[in-house]
Amino acid sequence: MKNLWNDQEAAPFEGDLLAQRVYTSQLLGRDPELVLHGGGNTSVKITEKTFFGEEEEILHVKGSGWDLATIAQEGFAPIRMDVLMKLAALEFLSDADMVTQLRAGMTDPAAPNGSIEAILHAVLPFTFVDHTHANAILALTNNARGEARVKEVYGDRVLVVPYIMPGFILARKVYEMIQGQDFANIEGMVLLNHGIFSFGATARESYDRMIQLVSEAEEHIQAAGSGSFPTGEPASLDLVKLAQLRHDVSEAKGHAMIARFDGSPGAAGFAQRSDAGEIAGRGPVTPDHVLRTKRLPLIFDNDDLEGSVESYTGIYANYFQRFSTPDLQMLDPAPRWALWLGNGTVSFGSNMKNAGVVADIVKTTRDTIQLGEQLGGWSPLTEAPLFEIEYWDLEQAKLKKAPARRPLEGKVALITGAAAGIGRACLQALHDAGAAVVGVDLNPEIEELQDDDRLGVICNLTDDEATRAAVEDTVKRFGGLDILVSNAGIFTAGAYVEKLDPANWDKSMAVNLTSHVRLLHHCVPYLRHGIDPTAIYIGSRNVHAPGAGAASYSCAKAGLTQLVRVAALELAPENIRVNIVHPDAVFDTKLWTPEVLARSAERYGLTVDEYKKRNLMKTEIKSADVGRMVATMAGTTFGKTTGAQIPVDGGNDRVI
Ligand code: ZN
């Protein structure tokens, strides 16, 4: 375990206890082997002057909902120590009263709620207190010989606390335990099956002790001959099965979920252990992970995926019934991650970021389980205490802070011709509505799309192999495909049939028609397992109101329209909707430079403005108008519509 303290970095915080508290909290947060995503908490006790000039001791404790890695001064809740010590001395304190009293005891009403461990931090007689869920400690203590091992490693330098539900009961237990305790040689406190506390007179002392204590646990594990894990690569990754898994989990959850597959050497190696299913099926590494991962993963292999999510939810409902009290309502029973035997792990989330949080916890889980197993037997907490945490109001409250779902959140869309123009506008509109989007284009600039929810793939769609690979990249990255926007096209130069160059005709057919047929061919196996799946085509006003000299373009778009009608017939039984948009005169694309626009307007004897609004409504049609229409058609408003042709053209008398 690396000590990240840096004198130079720390120098500006000299003399400012809260600033030092922020600094070492961030150091802890930087190491995923110590804390993950909101886990762990820290505090500092400072004697301060009140508004009225009186001296008062204040506990600044991590605020609920803040992450140690990114915490700032305003992320700490300032709570009066005298209030905290009075609460610690109570025989009983309900959760609701605890929350109310902690809030009432704060000196700044605008600060966040203090951690549910605030009282525990208060009773420990040290200026600085640090708490993490270090992997090495969890491997050591989630073990039949957990307590004995802690003694072997630390002797009397740490207090050992059996597992007790966090919150008031734990604080109260520790408060009793330490009455009359001589802390002269005590550096920390190990909570079995939960984590570790370190404390000190200075920020540095407390942080150094945390790193030192965890390092000793790591050394002990290594000396026991452990610490390295098997590696491998996915043995039989079947992307259709991944899409099927995502579909079933989304259904159990009640809305679309992203499925993030991890086939990295460590994940595949874990999934290929002969005992993988058994050890992963014992439980989580620390109780607060159940909020993100549930108690158990879904465990399946290629042969028994069918029905496995259903049986998982059945087992979950049974677990709920066994431990539930009449006031509780069952949370959704969908798994949050899956162990895909032979291949790796899959994490689910309503978007890629949330799935990534789960993926980080899953990585820690698989490493810690393997360490624990090497130490003589991974043995996590049993169902009852974990149920208590999963259904604890104060823990559930953390999740409720999440922002509201956007209409297409959890959906996966593939958009062709997405580097510019209408394709780009569709990608933008779908992404704004919450979908994860894959943009496909010939233009290498498409690769700039590279963040959590957006992926750019360079692809020549007239190359069948490359097209198939682009569809597979989409499924590998997000777990499936729900929305296909088949937009890529070229405007071939106009010529009367008599003068038409055969190459011009062939090119238009290849790009504007044939490539779309091939793309749909490759997408159907995944759309079949999509969530409210749909294919949307970008046609042209030309189909119903053709012009002389545009045979190669118009015929291809007319063929595309016929493809939509046939596909709508073929795919309706599978609930895949297929529709087409016919835009007209969309000029805010690269194709239409001001010069080209001026020339065209002149040809018709119009001003540029008149030319742009050459429609019944005299309105300008923009790429974003088409994008918005496509995003709407991808949503529930068009949920019962297939085989439709929707104009986005401001009204055209020849079409009407
Ligand atoms: Zn904890």
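Which residue in β4 is the bridge partner of Val44? It is Phe128, and that pair is a handy way into this predicted model, in which local features need pLDDT of at least 70, side-chain atom pairs count only at pLDDT 80 or more, and totals for chains, interfaces and linings use all residues. Residues are numbered from 1 along each chain as its sequence is written, and side-chain values use heavy atoms, with hydrogens and water left out.

Strands here are DSSP runs (E, at least two residues; helices are H or I, at least four), numbered from the N terminus, and two of them pair if DSSP finds at least two bridges between them. Strand β1 (residues 41–49) runs antiparallel to β4 (residues 128–132), with four bridges joining the two. β1 also pairs with β2 (residues 55–62), again in the antiparallel sense, over seven bridges. On that side, Glu48 has Glu56 in β2 as its bridge partner. Five residues sit between the strands of this β1–β2 hairpin, where Gly53 takes a positive phi near 85°.

Then there is the metal. A zinc ion is held by the NE2 atoms of His131, His133 and His194, at 2.1 to 2.2 Å; donors are N, O and S atoms within 2.8 Å of the metal (3.2 Å for Na, K and Ca), and since water is not among the atoms, sites may look incomplete. Along the chain, the donors follow the spacing H-x1-H-x60-H. His131 lies in β4 and His194 in the loop between β6 (188–191) and β7 (195–200), so the pair ties together parts that are 63 residues apart in sequence. His131 counts as buried, at 1% relative accessibility, and so does His194, at 5%; buried means under 20% relative accessible area, exposed over 50%, and partly exposed in between (1.4 Å probe, protein chains only).
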